[in-house]
Amino acid sequence: MGAENLSFRYRLEQEQPRLGPGGVTRGASVHQFPASTGIAGVSMRLAPGGMREMHWHANAAEWAYVIAGSCRTTILHPDGGSASDTFGPGDVWYFPRGWGHSIQGLGPDECHFILIFDNGDFSEDHTFSVTDWLSRTPAAVVAQSLGIGMDEVAQLPKQEVYFAKGPVPNNSSTFATARQEAELVSMHRYPLHAQQPRRVPGGGTQRTVTVKEFPISTTMAGSLLEIEPGAMRELHWHPNADEWQYYISGSAEMSVFLAEGQVVTENFEAGDVGYAPMGAGHYILNTGSDVLRVLIGFNNGHYQANDLSAWLGTNPLDVLATNLGLPSDLAAKLPRHENFMVPARSS
């Protein structure tokens, strides 16, 4: 598909959802969103007690950000250990590829979270679910493996459950308490919203989590941008990762520069997804009257960005004047330091 026909926006929250007991999910891989070759994403909502069943992903790691509500995850470590963690708004989790896990809403309200995967060809529909596995395995084998009788095997689900609805976990009950060997409770959780942000007066804020702050997240990093009305995340590119964006609130314009005279400009609103390929120049401009909130995922554990202002500022003025064909006095007006975010233009 040529760049002139390629869209870097996908209307994720307008997609027909997959529904189940206690759960709603919408997802986009490269098959629904052709521009997004390196990253896939899912918007999922769980009712109190609603569970995304025990499953694992064979071809992607999972990075998540909780927008609203609270949930509990359980995860099996390959060494036989386990962990159970509780997440609230602004929290991030990371599960390496192939690690078995589940997610359950804790209430009292619906839990909404965004899942980002470091493989554009990933599909939430194509995961390895425990009920799908057991229901497709000979009953005698299941009975022998689990140490139960054939009549008890008959009580197991006959097909994949995907979403299950149960009681809200009661942590004071031993029935809902994590196993005692689950000692690494905080290994998979990072409280991103509790982080002191990078601030630009009149521009906005950025909170970023990388493998440095969140050691288990070796293949993915993430940012939360809050951009003031009329302000923008300046022209920049990422040399080491693709960028996947989920627009939480507000409205925006984003333009992707693909070289050879090709630029694609899109307009976004809450619930939309954007994508900027590795190395492609882009910006994010708040076109609304409210603060723009954008969640960004990168398919690299390390965050790197080359900002245009920083690049210009490191060059001698004669280089800028010659390259851009400007008189020296105008070249001197160009940025001499990194802006990162730029406030709204004065009228």
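Thr-208 stands opposite Ser-223 of strand β17, within an antiparallel pairing in which strand β16 (residues 204-209) and strand β17 (residues 221-227) are joined over 6 bridges. Here strands are DSSP runs (E, at least two residues) numbered from the N terminus, and two strands are taken to pair if DSSP finds at least two bridges between them. The model is a predicted one, in which local features need pLDDT of at least 70 and side-chain atom pairs count only at pLDDT 80 or more, whereas totals for chains, interfaces and linings use all residues. Residues are numbered from 1 along each chain as its sequence is written, and side-chain values use heavy atoms, with hydrogens and water left out.

Strands β16 and β17 belong to an open sheet of 7 strands, ordered β1-β22-β19-β24-β17-β16-β15 and paired in the antiparallel sense. The edges of this sheet are formed by β1 (9-10) and β15 (198-200), each of which pairs on one side only.

An open sheet of 7 strands is also found with the order β2-β3-β4-β11-β6-β9-β14, again with antiparallel pairing. Its edge strands, β2 (18-20) and β14 (189-191), each pair on one side only, and the twist from one strand to the next averages 20 degrees, with axes taken as lines fitted to C-alpha atoms and angles running from 0 to 180 degrees between N-to-C directions. Within this sheet, strand β4 (residues 40-46) runs antiparallel to strand β11 (residues 111-117) and is joined to it by 7 bridges; the bridge partner of Arg-45 in β11 is His-112.

Asp-91 is found in strand β9 (residues 91-95) and has a relative accessible area of 7%, so it is classed as buried (under 20% relative accessible area, with exposed meaning over 50% and partly exposed in between, for a 1.4 Å probe and protein chains only). The side chain of Asp-91 reaches the backbone nitrogen of Gly-88 at 2.9 Å. When neighbours within four places in sequence are left aside, Asp-91 is in contact (heavy atoms within 4.5 Å) with residues including Ala-64, Tyr-65, Val-66 and Thr-86, as well as Arg-189, Tyr-190 and Pro-191.

A search of the whole structure for disulfides, defined as pairs of cysteine sulfur atoms within 2.5 Å, finds 0. The sulfur of Cys-71 lies 3.9 Å from the closest cysteine sulfur, that of Cys-111, and this is too far for a bond. Cys-71 counts as buried at 0% relative accessibility, and Cys-111 is likewise buried, with a relative accessible area of 0%.

Definitions and conventions. Helix = DSSP H or I, 4+ residues; strand = E, 2+ residues; numbered from the N terminus. Polar contact = N/O pair within 3.5 Å; in protein donor to acceptor, adjacent residues only side chain to side chain.
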